[in-house]
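Here is a short tour of a protein model, starting from one residue and then stepping back to the whole chain. Keep the structure open beside you as you read.

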Amino acid sequence: MCSKCSSRIRREEMEFMIWATRSIHAFSIVVWLGGLLYMGGFLYPVFRHELMTVTPLYVQIERRFMGFVWMSVWTTAITGILLMLFSPKFQFGSYQAPWEILLLLKQIIFVAMVIAAISTGKIVRKMESILAITPTSSLEDRISFHHDRILVCRRLNIIFGLVALLISTRMVMS
């Protein structure tokens with residue numbers, strides 16, 4: 001096989017790897033943000049209308065949702081790192097060009113989103129422990145405080161996620 005053919009095949013394989021990584025990255029972001037928007041924009045209003053935001057069912061749903069969040073977080077992190085390393089614009093430790101500054105902002109936002117997700121997970125575990133030891137009669141006051149904290153974390157994550165998407169759009173154009 002000639003060296004020209006070999007390099008063309010390698011280049012095509014690399015382009016496919018970048019395309020596949022970018023596709024998985026986009027899908028994981030859609031799952032994460034879509035889930036946050038679904039929980040905050042659809043499911044929570046229904047539970048609030050039905051006065052069920054302090055019930056064990058709501059806490060169980062929050063707990064189950066955390067699995068999807070962590071799946072998306074890890075997938076987004078791994079594919080994001082790969083895309084960063086594959087990019088010819090990336091120079092390790094250099095944040096001088098506009099693309100590099102946008103990348104840094106996006107990384108900071110991602111870390112903030114992960115911190116908010118960790119906080120939400122801790123709050124859900126606290127709610128589960130309250131459910132396990134608290135009599136039903138005094139449950140509402142104790143759970144509603146933690147529920148409000150989850151809403152703050154979720155709203156922050158939605159805002160951070162939308163800002164990260166806007167930054168990504170700008171990165172593609174630069």
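Let's start with Glu-62, which lies in helix α2 (residues 56-86); helices here are DSSP runs of H or I with at least four residues, and strands are E runs of at least two, numbered from the N terminus. This is a predicted model, where local features need pLDDT of at least 70, side-chain atom pairs count only at pLDDT 80 or more, and totals for chains, interfaces and linings use all residues. Residues are numbered from 1 along each chain as its sequence is written, and side-chain values use heavy atoms, leaving out hydrogens and water.

Is Glu-62 buried or exposed? Its relative accessibility is 0%, so Glu-62 counts as buried (under 20% relative accessible area, with exposed over 50% and partly exposed in between, using a 1.4 Å probe and protein chains only). Leaving aside residues up to four places away in sequence, Glu-62 touches Met-39, Val-124, Ile-150 and Arg-154, where contact means heavy atoms within 4.5 Å.

Now for the whole protein. It has four helices and zero strands, in the order α-α-α-α. Its radius of gyration, taken over C-alpha atoms, is well over the value from the globule rule (2.2 Å times the number of residues to the power 0.38), so the protein is more spread out than a compact globule.

| Property of the protein | Value |
|---|---|
| Radius of gyration | 21 Å |
| Span of the C-alpha trace along its principal axes | about 75 × 35 × 25 Å |

Of the 174 residues, 36% count as buried.
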